[in-house]
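Welcome! Take a moment to look over the chain before reading on. The report below walks through it piece by piece.

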Amino acid sequence: MLVKVFGSAVFGIEAQTITIEVNIDQGIGYHLVGLPDNAIKESSYRIAAALKNINYQLPGKKITINMAPADLRKEGAAYDLPLAIGILIASSQIKTNINLDKILIMGELSLDGSVQPIKGTLPMAIKAKEDGFEAIFIPKENEKEAAIVSGLSVFGVSHLNEIIDHFQEKTFIAQTILSEDELFAEEQDAFLFDFSEVKGQESIKRAMEIAAAGGHNIILIGPPGSGKTMLAKRLPSILPPMTIDEALETTKIHSIVGKVKNIGLIKRRPFRSPHHTASSVSLVGGGSYPQPGEISLAHNGVLFLDELPEFKREVLEVMRQPLEDREVTISRAKFTVSYPSSFMLVASMNPSPSGYFNDPNSPMTSSPQEMQRYLSKISGPLLDRIDIHIEVNPVPFEKLSEKSISEKSEEIRNRVVVARKIQSGRFQNTKGIHYNAQMTTKLLREFCELDSDSLQLLKTAMDRLNLSARAYDRILKVSRTIADLDFSQNIKPQHIAEAIQYRSLDRDGWLG
């Protein structure tokens, strides 16, 4: 008897429907075809044990299973559940009146028949809806992320017996109903870190506000203990809330790596902070079976690289293309996948190997050779993609001992949201551009026109401070954001003057 059931496979951040044909005939053997990996080939052992432990059996006949399309590689143990159901129906051990052409089934089986969570449920559910499926049966732990997709009936399965009883109309699984609007409207303001906890550092807070308002990459330079990491961790608390589209796209990426079990929709912008020993594959993604890396997991959020020069240079260099294109493409001999990577880069570094460059109160010094070796790890092209360089100085005791409370993140975020709305209106007719940091050269000429005073100030600053040519566009973008925060339609000299202050590395000539 031939039976068709349907599953799904994830490639990149998109899914593709897989047709699983189960045929049982005279003879002996278990034949699985259609480019399955080892985890799928081992499914026969898991299925046999699970069926026996719930008083069913693997038929002692010739079982042939085809997974189509046959030219696409399938991987993982998530096909256990559809394979088991297909075998039970094809061997007439269970009968059902349910139209199998309208449902999609995915789940990993334990030997006792319990159903384990899987990765990539949200892309699978989205594709199922697009392909006209009416229902999806997935592990109980994944039901919330699948229920985000409206118009698709979602059933969370915790044991093989449950779906068997549902198909035989003995006991029905309750449908998971989740309102996307209600879920997205849940509290987003209760951040673990708040800028009100930061004493002093008003100029740094201002730079962080500008970075958040324009989506600018930022690097913090200062000695150990000056508060670089503390400030970076508070940046997400002033970023604007995610839109529904951003939340869905972010959740899809995290679903692929199995990080949204029992969560549903990710409502907060991600904050990723990989260790400096991270490899290039872990940072940008890849592997034999490509998975998203840290830069994709930070999509629509923040990627924080603490102690930037401690990262291997080749690891940092692979970020150059994703920072420019806001997408990373991973190519293999037989396929190519792309992952979105539109994130804010926040980096921190000491000014020297000892951490106390030009500090008269510290006896620790570094030789010119040590300084050159330390700073050469950050290439000019990488620095070219960072808009704001800001020096972070230690907070004096008087500030630390103050009892007054600093401005709360919520107040800063309100200003950031208003500035982002101004930018959304400005770029509403420009595809793929949403905030100032994304402006192209053409858009810079259109929206960053300078009057004669501003132009003269910028020219003087570049000559006297020996600013590099790469600083020109960055200053224009940052000054445009400062003007937006100031509700100014035009860029004024004071906006240019402030933006110039945020090019410390260029001004000091540390990187040539």
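## A first stop: helix H4

Among the elements that cover the buried residues of H4 are strand E1 (2-11), strand E2 (14-25), strand E5 (103-105), strand E8 (135-139), helix H5 (143-147) and H10. Helix H4 itself runs over residues 121-130, and its buried residues are Thr 121, Leu 122, Pro 123, Met 124, Ala 125 and Ala 128. After H4 comes Gly 132, which has a positive phi, near 90°.

## The chain as a whole

Please keep in mind that this is a predicted model. The chain holds 23 helices and 19 strands. Its C-alpha trace spans about 90 × 50 × 45 Å along the principal axes. Of its 512 residues, 52% count as buried. Among contacts with a separation of 6 or more, 73% are made by residues 24 or more positions apart.

## Nonpolar cores

Which residues touch the most other members of the largest nonpolar core? They are Tyr 79, Phe 137, Leu 160, Ile 163 and Phe 167, in a core of 64 residues. Helix H3 (residues 80-90) gives the most to this core, namely eight residues. For a closer look, take Phe 167: leaving out residues up to four places away in sequence, Phe 167 touches Ile 85, Ile 89, Lys 95, Thr 96, Asn 97, Ile 98, Leu 100, Ile 103, Ile 105 and Phe 137. Another core lies apart from this one, with 49 residues that include Met 208, Ile 210, Phe 427 and Ile 475.

## Two helices side by side

Two packed helices are described by the angle between their axes and the distance between the axes. Helix H2 (residues 43-53) packs with H3 at an angle of about 60°, and their axes are 10 Å apart. The two helices, H2 and H3, are therefore oblique to each other, and their crossing is right-handed. On the H2 side, the contact is made by Ser 43, Arg 46, Ile 47 and Leu 51, and on the H3 side by Asp 80, Leu 83, Ala 84, Ile 87 and Leu 88.

Leu 58 is found in the loop between H2 and strand E4 (62-68). With a relative accessibility of 27%, Leu 58 counts as partly exposed. Apart from neighbours within four places in sequence, Leu 58 is in contact with Ser 44, Ile 47, Ala 48, Leu 51, Ile 63 and Ile 87. Tyr 30 is 28 residues from Leu 58 along the chain, and the C-alpha atoms of the two are separated by 9.8 Å.

## Salt bridges

The model has 18 salt bridges. Here are three of them.

| Side chains | N to O distance |
|---|---|
| Arg 234 and Glu 197 | 2.6 Å |
| Glu 498 and Arg 206 | 2.8 Å |
| Arg 480 and Asp 484 | 3.1 Å |

Start with the salt bridge between Arg 234 and Glu 197. Arg 234 sits in the loop between helix H9 (228-233) and helix H10 (244-256), while Glu 197 sits in the loop between helix H7 (180-184) and helix H8 (202-214), so this pair ties together parts that are 37 residues apart in sequence. Are the two partners buried or exposed? Arg 234 has 8% relative accessibility and counts as buried, whereas Glu 197 is partly exposed, with a relative accessible area of 41%.

Next comes the salt bridge of Glu 498 and Arg 206. This pair links distant parts of the chain, 292 residues apart, with Glu 498 in helix H22 (residues 493-500) and Arg 206 in helix H8. Arg 206 counts as partly exposed, at 28% relative accessibility.

An α-helix has 3.6 residues a turn, so residues three or four places apart point the same way. Both Arg 480 and Asp 484 are buried.

## A last stop: Ile 253

Ile 253 lies in helix H10. With 0% relative accessibility, Ile 253 counts as buried. Setting aside neighbours within four places in sequence, the contacts of Ile 253 are Ile 13, Pro 292, Ser 296, Leu 297, His 299 and Pro 340. Leu 375 is 122 residues from Ile 253 in sequence, and the two are 34 Å apart in space, C-alpha to C-alpha.

Technical notes: Residues numbered from 1 in each chain as written. Predicted model: local features only at pLDDT ≥ 70, side-chain atom pairs only at ≥ 80, totals over all residues. Heavy atoms only, no water. Salt bridge = Lys/Arg side-chain N within 4 Å of Asp/Glu carboxyl O. Helix = DSSP H or I, 4+ residues; strand = E, 2+ residues; numbered from the N terminus. Buried < 20%, exposed > 50% of the residue type's maximum accessible area, 1.4 Å probe, protein only. Core = buried A, V, L, I, M, F, W, Y, C linked by side-chain atoms within 4.5 Å. Contact = heavy atoms within 4.5 Å. Axes fitted to C-alpha atoms, helices over the stretch in contact; angles between N-to-C directions. Parallel < 35°, antiparallel > 145°, perpendicular 65-115°, else oblique. Left-handed = near helix turned anticlockwise from the far one by under 90°.
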